[in-house]
Amino acid sequence: MVISEQVAEIRFPEFSCSLKEYNFEHLYEFKSTNSFSRDLLNYQGGEVKNIHYGDIHKSFSSLFDIKNEIAPYINADVNLTRVKKEQFINNGDLVIADASEDYKDIGKTIEVVSVAGEKIVAGLHTFLARRTTDFNYIGYMTYFLQTWFVRKQIMRIAQGTKVLSLSTSRVAKLKIILPCIDEQQKIADFLSSFDKKIALLKEKHDLLAQYKKGVMQKLFSQEIRFKDEAGNDFPDWEEKALSQVLEIQVREISKPTEKYLALGIRSHMKGTFQKPNFDPESIMMEKLFIVRPNDLIINITFAWEGAVAIAKKEDDGGLVSHRFPTYTFKDGESTHKYFKHIITLKRFKYMLDLISPGGAGRNRVLSKKEFLKLKWNLPSVEEQLKIADFLDVLDNKIELVAQQIEHTQTFKKGLLQQMFV
């Protein structure tokens, strides 16, 4: 142990203790893990739970409390007699992912703060590290191991090309800097309050999304209907071919000679994306097509994958190729506000799939002729607008919570880099 020369940008004013530097091996010792693969795990029940490296990458929070995490069980028919008592995870243990295809995930770690009486083991492609001292407060390493100070050390010691890996001998030499135990607790408790806020916001976001999904099912099945301004029923819904409500728009221009705004469409109904300052020399086509706000655009190559969108205001004037036909909505028949929600439905994506014959990927091309023949049950434009406005309110609430999550995460990330060396 040495006194560290590193200085944190932000410290709680009541603490002035020196920061001390340790090697990882001064604080933890490695315990053997078990290579139980995914096909030996289930979520139906069992005696022993397992933490797989994939869970660390994708599922579990860094501050691991088994009451809040859904960990799989090892199948009941697996012989567990080989699992030694010391291999069961204890509070304060670290489970480290020792393999990944991505530098941002290699060495990602969870700190177990509560096993709540459960039997849990570390599984495939993980290291299990156990505290050997009381120098570090349980919960502090959760945050310290996320700092750039540690992450750059891990990226430096990771080995491999396609698949990165770590060795215990290299992890043992990682530099760990600790303030006094009381300051560690203060930092951990402070940052965990942000985690709790983020968790509550994510729960609120999920509940709003589920509510919207349920409401949409009832709206489009006509289980829920709106009234007009006089309190009267709107007319019955009518099944119409898309040719009755859409009109193809061909705004053809010659390929620009200078860089321009190109547009694309994300799959899975995720909207348009922009490619500003696109180099015309990078494409062979001599003709392009102008997009206007509120156009319905389809990528005929990936329509089967949900590559369909309503153009945004900022897409105005963007250019697309002939593989992105654009349509406008006929007055008195339909509106982009309503169809913005229709195109997110699984049934709409399924219909696009049906009219995209061929093999897989780029060999599947939507038939523009068949697209206009598709039929959809539509309310009057007035009721469409009522439905769209209601769903827009829900979307705005969901987006607001998403922004709150992002802002809180960004603020927490900034604190992480300033409260630690």
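Mentor: We'll go through pockets, cavities, helices and a few backbone angles.

Mentor: Keep in mind that this is a predicted model.

Trainee: Okay, pockets. What volume does the largest pocket have?

Mentor: The largest pocket comes to about 1,500 Å³. Its lining takes in 47 residues. Ser61, Ser62, Gln146, Asp195 and Lys412 lie nearest the centre of that pocket.

Trainee: Which elements give two or more residues to that lining?

Mentor: For the largest pocket, they are α2 (53-58), β6 (63-65), β10 (109-114), α3 (140-144), α4 (148-157), α6 (181-220) and α11 (381-419).

Trainee: And which one gives the most to the lining of the largest pocket?

Mentor: That's α6, with 10 residues.

Trainee: How does the lining of the largest pocket divide into nonpolar, polar and charged?

Mentor: There are 16 nonpolar, 15 polar and 16 charged residues in the lining of the largest pocket.

Trainee: What about the second largest pocket, what's its volume?

Mentor: The second largest pocket has about 1,200 Å³. It is lined by 32 residues, and Lys212, Met269, Lys340, Thr344 and Asp395 are the closest to its centre. At least two lining residues come from each of α6, β22 (308-310), α8 (336-342) and α11. The lining of this second largest pocket holds 12 nonpolar, 10 polar and 10 charged residues.

Trainee: α6 keeps coming up. How far apart are its end C-alpha atoms?

Mentor: They are 58 Å apart. α6 has 40 residues, and at 1.5 Å a residue it should span 58 Å, so the two values agree.

Trainee: What follows α6?

Mentor: Gln222 follows α6, and its phi is positive, near 70 degrees.

Trainee: Where do I find other positive phi values?

Mentor: Ala116 sits in the loop between β10 and β11 (120-122). His268 is another non-glycine, with a positive phi of about 60 degrees. His268 lies in the loop between β18 (260-265) and β19 (272-278).

Trainee: Is Ala116 buried, exposed or partly exposed?

Mentor: Ala116 is partly exposed, because its relative accessible area is 47%. His268 counts as partly exposed too, at 46%.

Trainee: Back to α6. What does Ile187 do there?

Mentor: Ile187 is in helix α6. Ile187 counts as buried because its relative accessibility is 2%, and the cut-off for buried is under 20%.

Trainee: What does Ile187 contact, leaving aside its neighbours within four places in sequence?

Mentor: Ile187 touches Phe12, Tyr140, Pro179, Met419 and Phe420. Take Phe12: it is 175 residues from Ile187 along the chain, yet their C-alpha atoms are separated by 8.3 Å.

Trainee: Switching topic. How many cavities of 30 Å³ or more are there?

Mentor: The count is 2. The largest cavity has a volume of about 80 Å³. Its lining has 13 residues, with Leu19, Tyr140, Pro179, Met419 and Phe420 nearest the centre. The elements giving two or more residues to that lining are α3, β14 (175-178) and α6.

Trainee: How does the lining of the largest cavity divide by residue type?

Mentor: It has 11 nonpolar residues, no polar ones and 2 charged.

Trainee: And the second largest cavity, what lines it?

Mentor: Phe24, Ile96, Gly107, Thr109, Leu145, Ile154, Leu166, Val171 and Leu174 line the second largest cavity. Its volume is about 50 Å³. The lining of that cavity divides into 7 nonpolar, 2 polar and no charged residues.

Trainee: Ile154 is in that list. Which residues of α4 are buried?

Mentor: Phe149, Val150, Arg151, Gln153, Ile154 and Ile157 are buried in α4. The buried residues of α4 pack against α3, β13 (164-165), α5 (168-171) and β14.

Trainee: Last one: how many disulfides?

Mentor: The count comes to 0 disulfides. Among the cysteines, Cys17 counts as partly exposed because its relative accessibility is 21%. Cys180 is partly exposed as well, at 26%.

Technical notes: Residues numbered from 1 in each chain as written. Predicted model: local features only at pLDDT ≥ 70, side-chain atom pairs only at ≥ 80, totals over all residues. Heavy atoms only, no water. 1 Å grid on protein atoms, 1.4 Å probe; cavity = no way out; pocket = protein on both sides within 12 Å on 5 of 7 lines; lining within 4 Å. Points joined across faces, edges and corners; volume = space filled by probe spheres on them. Helix = DSSP H or I, 4+ residues; strand = E, 2+ residues; numbered from the N terminus. Nonpolar A, V, L, I, M, F, W, Y, C, P; charged D, E, K, R; others polar. Expected span 1.5 Å × (residues − 1). Disulfide = S-S within 2.5 Å. Buried < 20%, exposed > 50% of the residue type's maximum accessible area, 1.4 Å probe, protein only. Contact = heavy atoms within 4.5 Å.
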